[in-house]
Amino acid sequence: AAAEEAVTPLLTLQRIRVEAGGQRLLELDHLEVPRSKTLAVVGPNGAGKSTLLRVMNGLVVPAAGCILWDDAPIPTPMPLPVRRRMAMAFQEPLLFRGTVLDNVLFGLRVRGVSGAAARKRALEALRTLAVEHLSRRSCASLSGGEAHRVSLARVLVLRPELLLLDEPLASLDAVTREHLGDQLRRIVRDEQLTCVYVTHDQIEARAIADRIAVIDRGSLLQEGAPDDVFLRPASERVAHFVQTRNMLPGEVVRQDGGIAEVRVGTHVVQAVSDAAVGRRVTVCIRPEHIVLSRDAGDSSARNHLRAPISAILPRGPVAEIVCAASPDLVVLVTRRSLDDLSLRVGDVVDAAFKATAAHVVDSNQVILDDSSQ
């Protein structure tokens with residue numbers, strides 16, 4: 001891990017500010033894109049994710065700040081040779097009239113690769129994305145999924161040092177998105193590409209990312225390993241966006257050796273935290289970290305909240321159970337566990353969770369504006 005931390009980032013953004021019409025669109029103090037890793041940028045619609053990507057590849061010139069490549073500042077505006085070390089795919093495929101092969105060959109020819117070498121690389125890229133059989137087809141006749149695969153082949157064939165992906169799967173149906181997402185993750189990891197992946201889909205982000213950056217209203221709220229962001233959100237705003245679901249406001253009533261006791265409604269919750277007595281906090285607990293049982297003796301966890309079930313909501317292979325614990329707790333269980341416990345609305349259950357599963361943040365009652373999602 002220490003060796004990884006010592007590696008120079010491929011791209012670094014310092015004190016970046018982007019404005020338009022007198023409005024601030026983006027303001028970042030510092031953000032690094034680690035070499036041969038994937039940085040997922042997540043946040044609600046309008047957060048500034050796409051603006052960030054366009055700053056990285058020179059399509060948007062910031063009003064202030066500096067972009068470094070291999071620790072060396074990039075001139076403004078960004079020189080073409082630097083931009084050609086990157087490749088970007090957008091949410092909607094950008095394909096011109098002509099055949100699939102013509103489209104994939106285009107970027108290579110612009111970069112001086114032609115003839116048999118270019119054709120070989122283009123067909124390899126199409127083969128990797130399982131669309132080589134479409135090479136002679138007109139792009140106008142492609143389905144949505146096929147067009148997205150060709151669009152990705154156009155950028156991957158360039159073998160970019162930095163791959164920028166702006167919600168490349170967002171407009172696809174669920175089945176196509178899952179299949180193409182699996183292929184894309186495999187390619188990025190197998191080729192050890194340096195990638196920035198913009199998405200609002202947290203499942204996609206966790207599946208592909210080595211690092212995750214959460215932004216909202218043009219500001220970087222948190223950046224770190226996926227587990228740090230999803231399990232230890234830095235604020236209520238981040239916790240809300242990563243769907244912590246259980247965000248319980250309370251007050252620290254006791255502190256004992258790094259274990260804080262927090263009064264939450266009619267309960268006292270123990271959490272690993274050094275928060276001082278009297279501090280107003282929010283206890284964040286992910287629904288999958290709560291264990292339901294009929295009897296409190298079934299778990300050795302520090303926290304046990306007895307409550308009746310007020311709702312059971314099927315969610316595909318899992319079920320979402322709402323416990324009226326004052327305040328409510330949302331719990332995720334497998335459908336098999338639900339059947340094994342024979343749970344019904346109105347049953348009183350024990351909701352147990354460890355002190356390490358209860359993450360404490362300052363209480364400010366400010367959440368991300370996700371009304372447009």
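A crossing of two helices is called left-handed if the near helix is turned anticlockwise from the far one by less than a right angle, and right-handed if clockwise. The crossing of α4 and α5 in our structure is right-handed.

Before I go on, please keep in mind that this is a predicted model, in which local features need pLDDT of at least 70 and side-chain atom pairs count only at pLDDT 80 or more, while totals for chains, interfaces and linings use all residues. Residues are numbered from 1 along each chain as its sequence is written, and side-chain values use heavy atoms, with hydrogens and water left out.

The helices (H or I, at least four residues) and strands (E, at least two) that I name are DSSP runs, numbered from the N terminus. Their axes are lines fitted to C-alpha atoms, for helices over the stretch in contact, and angles run from 0 to 180 degrees between N-to-C directions.

Let me return to the pair from the opening. Helix α4, residues 100–110, and helix α5, residues 115–128, have axes that come within 9 Å and cross at roughly 120°. The two are therefore oblique to each other; angles under 35 degrees count as roughly parallel, over 145 as roughly antiparallel, 65 to 115 as roughly perpendicular and the rest as oblique. In contact, which means heavy atoms within 4.5 Å, Val100, Leu101, Val104, Leu105 and Leu108 of α4 meet Ala118, Arg119, Arg121, Ala122, Leu123 and Leu126 of α5. These contact residues divide into 9 nonpolar, no polar and 2 charged, where Ala, Val, Leu, Ile, Met, Phe, Trp, Tyr, Cys and Pro count as nonpolar, Asp, Glu, Lys and Arg as charged, and the others, Gly among them, as polar.

How does α4 lie against α6, at what angle and with what distance between the axes? The angle is about 25° and the axes are 8 Å apart, so α4 and α6 are roughly parallel to each other. This crossing, too, is right-handed, and here Val100, Asn103, Val104 and Phe106 in α4 meet Val150, Ala153 and Arg154 in α6. That contact is made up of 5 nonpolar residues, 1 polar and 1 charged.

Finally, helix α6, residues 144–156, also packs with helix α7, residues 174–190, at an angle of about 15° and with axes 11 Å apart, which makes α6 roughly parallel to α7. Their crossing is right-handed, and the residues in contact include Gly145 and His148 of α6 and Thr176 and His179 of α7.
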